Amino acid sequence: MSIIRERAAIRLPLGRPSRRQPLRGSQRPAPPGPGHGRRPRPGRAWPYLLVAPTVLGMLYLLVYPLARTVLISFQDFRLRQLIRGDARFVGLRNYETLLTDGHFWQVVRRTFLFMAVDVVLIMLLATLVALVIERLGRLGRTAVLSALVLAWAMPVIAATTVFQWLFHSEFGIVNHTLTGLGFDSFDRYPWFAHGPAAFTILVLLIVWQSVPFAAVTLYSALATVPSELYESARIDGAPAGRIFRSITFPMIRPIFMLVLSLEVIWTFKAFVQIWVMTNGGPGDATTILPVYAVQTALSSQRYDLGSAASMVTVLMMAAVLVLYFRQLFRQEGEAL
């Protein structure tokens, strides 16, 4: 058997040579081109077709309302024009009317005050909560994070309704607790009938709803800081405040600035909580720019002025963010 296999192995093929044998000289085939052997893919457009409904939905729900608002802000658009559709172009007259109104600038100042108080409290409390979570054990960390996620997941309307009942003048637990502690002046105290009290309650509500997201995000950033840096600082005898300023904050500063910018946006455009709880009152004590725009459009049926106020709100928020990011990038460049 071995002899037969050896003879079969050395037997030469008859006829023309096999294609596997290399050709000599000019008979060698040219190398294949860049498109050789590639078949056209008929399903290459399929991913774009899958994404198209989402893109079209975003264009319809975001871009179209924005473009429509810009158009109405340049028109004389009231209830008659809303019904008949014969609005005429008036240029910048609506913006001139709005910017020369003293009441509008009072609302602008109140909006920036509301935003500043909320953002400072949110970032301060969120940073403290994140630092506390980092020092807790596994069980305590899990409990605190679960509580934060549950608070963050509560719907805005539900949380606003809860705060309304907490500070109810007759059935609220806040008045009941304060009266029980000996503060008789809070018996049936109407919180929402006084401007500063209503403003304070709204600040507490916004802070309570925003701290969970900021705290969880900052804790995630703290978890990425190498522990070796803390050990070296402790060996050198650095106090806790110095460690935070020199190690912790520089390491988490990008995430901190991102959360800060998001909180500025969310606080600047807060509307649902104010509209449900106080409707901008009492008087104008809790009226900020988004609420002012809706009040102008619905109460006065001046949809053109309401649209102009909305566009001014967008421009102011964009200006604040541009100045903020410009300063941030300048600091980052100096650090580099």
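The model is predicted, so local features need pLDDT of at least 70 and side-chain atom pairs count only at pLDDT 80 or more, while totals for chains, interfaces and linings use all residues. Residues are numbered from 1 along each chain as its sequence is written, and side-chain values use heavy atoms, without hydrogens and water.

Arg78 sits in the loop between β1 (75-76) and α3 (79-84). Helices (H or I, at least four residues) and strands (E, at least two) are DSSP runs, numbered from the N terminus.

Show the side chain of Asp76. The Arg78 side chain makes a polar contact with it, at 3.3 Å (a pair of N or O atoms within 3.5 Å, one able to donate a hydrogen and the other to accept it; residues adjacent in sequence count only if both atoms are side-chain atoms).

The C-alpha atoms of Arg78 and Asp304 are 6.8 Å apart, though 226 residues separate them along the chain.

Now select helices α6 (138-153) and α9 (195-222). Their axes come within 8 Å and cross at roughly 135° (lines fitted to C-alpha atoms over the stretch in contact; angles run from 0 to 180 degrees between N-to-C directions). Therefore α6 is oblique to α9 (under 35 degrees is roughly parallel, over 145 roughly antiparallel, 65 to 115 roughly perpendicular, the rest oblique).

Color the contact residues. In α6, Arg141, Leu145 and Trp152 are among them; in α9, Trp208, Phe213 and Tyr219 are included.

Terms used:
Contact means heavy atoms within 4.5 Å.
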